[in-house]
Amino acid sequence: MFAQLMWKEWKENLWKLTFCGAASVVFTGMLFRMRIIPDQSNCYVISFIQMFAVPVVYALDIFSGEMTNRTIHLLFKIPVARWKLFFSKYLVSAVGIVLIFLVTGLLMEFMAGGRETPLGYLLGSNALMGSAALVLFTCFCAFGCQSRSEATSLVAMFGVFIGWGIFFFWAMICEVKWAIPFAPYSLINIYRDVPPGMVLIGQILVFALALLVACYRYVKIRRYL
Amino acid sequence: MRVATVVHQQVSQIKWHALACLALIMVLPLEEAVASLLDGGGFYVLAMVMPSIMLGPLLAGLIACANVQADLNDRRYIFWRSKPVGVKRFITLKYATGLIIALLIQACPIVFAMVTSAISDEKQRVAEQMRYYIMLPGLLSVMTYSICFACNVLVRKTARSWLIGMAVACLLLLLPFMLPLGYKDFVSDVLMWVSWFYLAVMLVGSVGAFVFAILAAQYDLHLKTNLKGLLWTGAALVFALMMFAGGQIANIKVLAERDISGRYATDFKRLGDDMFVPGHGFVDVDDNKITFEDTKNDWDVAAAFMLPTSSHLEEGYEVAAYPTYHWRGFYRLAGAVYTFVIHAYYVEEEEHDLKGKVRKIRIYEKLYLRCLKLGANSWDTVSELDLSDCIGDRTARQYVALGLIEGRLVAIVNRSCLVLDVAEPSKPKIIEKKIDVLKRIVMWRGSRPEQLAMPLIPLESLSREHCVKLSIDRNFRYFRYFSGDVFEPSIVDMHEGEISFYLVSEKEIVRYDVTRWDDEKVYCSRSAVRPFTILERMVGGEAYGGFVKNGQLYLRGESKLMVYDVRHARRIRKTGHFARMNSYLGDIEVLDNGNILVLVHDRQKRDVDSYHRAVYLLENPG
């Protein structure tokens with residue numbers, strides 16, 4: 001049954017993967033072909049935009065779509081645990097986000113061919129921002145899993161972006177080093193005074209906590225019509 | 001329905017959204033103020049005001065959407081039309097109320113900064129920075145608010161309206177960068193008193209959106225959207241914009257590139273038909289690959305270029321050489337390689353200026369034109385000509401230009417000029433020499449007068465066309481950046497009996513055609529103007545000079561090369577643009593097959609020992 005749920009979510013959200021993948025590939029190809037700015041700067045620009053745009057595209061109607069299309073009561077009637085419903089949606093989105101960043105990173109490496117940066121550097125930078133995007137999306141799920149419209153999903157997503165931004169700025173300005181590893185933005189440029197290992201642990205903790213909260217809140221949905 | 005009632009209702013409808021936006025915009029300033037207080041610096045904010053104000057345009061869009069949705073969403077759409085107030089009045093009051101609230105919210109961080117800074121005696125710094133804070137984000141907020149308002153009236157869905165509104169606002173802000181206006185910038189002409197050209201875009205955009213919102217509400221216009229279609233349309237628009245921008249600023253194909261380094265690899269040197277890079281060798285671009293050869297046509301000039309020259313010092317004098325080492329031309333004459341240089345001998349004296357400060361001045365005593373021949377181990381002086389009578393004002397900077405024209409060596413030294421026969425370089429013969437005949441050059445300060453006249457160089461041993469060309473180059477191109485320029489490249493184009501030249505300012509290219517000349521002056525009239533787009537001006541720095549070759553004008557900026565076709569239908573038509581933002585362009589050479597060699601210097605990787613550079617072979621876009 002879970003496989004069938006995954007298949008259903010995959011088909012419903014395939015257009016997002018197609019759209020984000022096509023847009024990323026085309027713009028990466030264009031920027032790396034034009035080469036007005038260095039390859040490293042191109043990589044940062046593309047990855048930075050992807051880090052915000054891709055989760056927004058997935059977040060807009062991954063949960064609220066069922067509400068606005070009035071299919072959620074049908075979904076909840078399927079004889080399967082709600083946490084499986086949640087994870088089917090989440091996993092499809094997560095796989096999509098990872099695939100998009102992976103394809104973009106590989107294309108960057110292919111087009112750059114190591115001409116300005118060491119081989120693997122662009123893929124690594126892109127992967128770090130992809131990880132940040134995944135953590136941000138997971139945090140969105142914790143707030144937006146009960147959203148009833150695109151507007152509330154968008155508000156939740158931007159709330160996550162801005163909230164983590166404020167947290168990160170506060171940690172940087174006030175030099176609260178223990179807090180920096182918990183902000184997804186610390187993955188973008190590993191803060192020099194904070195070991196990468198701590199950032200990894202911090203992100204795993206945030207990711208796990210957000211996933212748990214999101215799953216719990218989705219399971220506890222009561223008012224959906 | 002009274003105005004106060006409508007306004008009160010609008011304020012009540014969006015009060016929670018306004019409070020949420022206020023909280024968002026004030027978080028960073030409050031954080032900074034608290035952090036500063038805890039550090040002992042006082043409760044004030046300075047650095048976080050600008051970042052929080054930049055959120056203003058986004059939040060203004062949100063308030064606009066919330067404002068419209070309060071009455072015009074699908075469930076209440078019939079209800080609001082039954083209110084005893086006209087559509088136009090209602091929409092206008094709704095628009096104005098929301099806009100004022102949005103601007104008030106945006107003003108809060110500024111007021112907070114001013115108040116807290118006044119209390120903490122930080123007035124001076126705040127006052128200096130406030131003038132930059134208020135204007136631009138405020139205008140942007142008005143624009144985004146208006147556009148999101150109009151989109152929401154049309155689309156009637158909050159999230160999509162906000163996204164569409166923001167996309168339209170970004171498009172409006174980007175378009176002025178890219179429009180290839182064929183005439184002088186409209187905003188510069190009409191709104192000369194405005195320092196920001198975007199004022200027109202923001203004001204006109206806001207007014208237009210407001211008028212459209214009223215019309216949409218009055219005629220019940222509704223645009224049904226779906227998310228997929230919107231995203232694909234948006235992506236297609238961005239793609240089209242990028243293609244358009246790329247066509248303007250990055251359309252020259254790179255055929256090959258090669259990294260080089262070395263202290264002396266600063267430019268290309270011509271030796272007859274061959275070209276070499278000092279320290280690397282002769283450049284070979286067969287099969288569109290860049291390779292370097294140590295020898296070509298039995299000449300090992302690449303290595304020989306670094307050979308020392310014989311000393312030209314004289315006791316009691318300092319010596320300056322023109323052209324300087326990097327600007328010299330190398331000529332193949334009588335089966336050997338020669339270069340020509342003028343040595344100016346001077347003494348330094350001290351003098352007091354009007355303020356009593358001591359400064360050193362040079363007094364030039366002697367001037368010699370020397371011919372150097374490439375020998376086995378050094379450059380040897382083979383002939384010398386005394387040109388001390390060409391010095392003129394002995395305390396003034398020496399202006400020198402020389403090069404080969406029609407097989408003869410032509411030299412311009414201050415206000416004198418001479419032509420020499422150098423068929424036998426060891427025995428140069430003076431064909432013509434005129435002392436103190438050249439008039440002052442006519443300064444050009446970037447304007448575009450209809451008519452121009454400049455002094456003619458009165459050399460009778462050269463053809464009149466070459467005299468005219470030399471006069472134009474002397475007036476506008478020589479001595480502008482370096483003393484000691486050789487004659488090539490030139491800004492003059494001679495084609496089918498017509499002579500024209502091109503002047504480049506930071507804003508445009510202007511073409512002048514030579515209409516006539518007499519014994520003293522050359523007369524020209526303006527025939528075409530090609531302004532730069534904002535994008536062209538921004539990417540790669542301002543254009544500061546160029547040259548014409550084979551009907552193509554090659555313009556260079558700090559980090560860019562632009563190519564124009566100047567003969568087709570007598571217009572100046574851009575054909576190519578090459579830019580590298582992380583580099584600055586060194587030398588540019590156009591090969592006989594039209595392709596272009598560019599030497600660029602990498603800004604980031606340079607250090608004392610390895611000057612990191614690259615040579616690009618570009619396909620000529622013409």
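Mentor: Happy to! Keep in mind that this is a predicted model. Let us begin with the open sheet in chain B, where four strands line up in the order S2-S3-S4-S5 and pair in the antiparallel sense. At its edges lie strand S2, residues 269–271, and strand S5, residues 291–293, each of which pairs on one side only. Going from one strand to the next, the twist averages 45°.

What is the bridge partner of B:Arg270 in S3(B)? That partner is B:Met275.

You will find B:Val590 in strand S24 of chain B, which holds residues 583–590. Is B:Val590 buried or exposed? Its relative accessible area is 3%, under the 20% cut-off, so B:Val590 is buried. For a sense of scale, pick out B:Gly165: B:Val590 and B:Gly165 are separated by 425 residues in sequence and by 47 Å in space, C-alpha to C-alpha.

Elsewhere in chain B, have a look at B:Glu432, which sits in strand S14, residues 429–434. With a relative accessibility of 9%, B:Glu432 counts as buried too. What does its side chain meet there? One polar contact, of 3.3 Å, links the side chains of B:Glu432 and B:Lys434. Another, of 2.5 Å, runs from the side chain of B:Glu432 to the side chain of B:Ser461. Setting aside neighbours within four places in sequence, the contacts of B:Glu432 include B:Cys417, B:Leu418 and B:Val419, along with B:Pro458, B:Leu459, B:Glu460 and B:Ser461.

Chain B also has a hairpin that is worth a moment. Strand S16 (residues 492–495) and strand S17 (residues 498–504) of chain B pair over four bridges in the antiparallel sense. Across that pairing, B:Asp493 stands opposite B:Ser500 of S17(B). Two residues lie between S16(B) and S17(B), and in this turn B:Glu496 has a positive phi of about 50°.

Finally, turn to chain A. How many helices and strands are there in chain A? There are eight helices and zero strands, so the pattern along the sequence reads α-α-α-α-α-α-α-α. The C-alpha trace of chain A spans about 55 × 40 × 30 Å along its principal axes. Its radius of gyration is 18 Å, which agrees with the value near 17 Å that a compact globule of 225 residues would have. Of those 225 residues in chain A, 52% are buried. Among contacts in chain A with a separation of 6 or more, 72% involve residues 24 or more positions apart. The accessible surface of chain A comes to about 10,200 Å², and carbon and sulfur atoms account for 72% of that area.

Key: Residues numbered from 1 in each chain as written. Chains lettered and ligands numbered in written order. Predicted model: local features only at pLDDT ≥ 70, side-chain atom pairs only at ≥ 80, totals over all residues. Heavy atoms only, no water. Pairing = 2+ DSSP bridges. Axes fitted to C-alpha atoms, helices over the stretch in contact; angles between N-to-C directions. Rg over C-alpha atoms; globule rule 2.2 N^0.38 Å. Buried < 20%, exposed > 50% of the residue type's maximum accessible area, 1.4 Å probe, protein only. Contact = heavy atoms within 4.5 Å. Areas by Shrake-Rupley, 256 points an atom, 1.4 Å probe, with all protein chains shown as cover. Polar contact = N/O pair within 3.5 Å; in protein donor to acceptor, adjacent residues only side chain to side chain.
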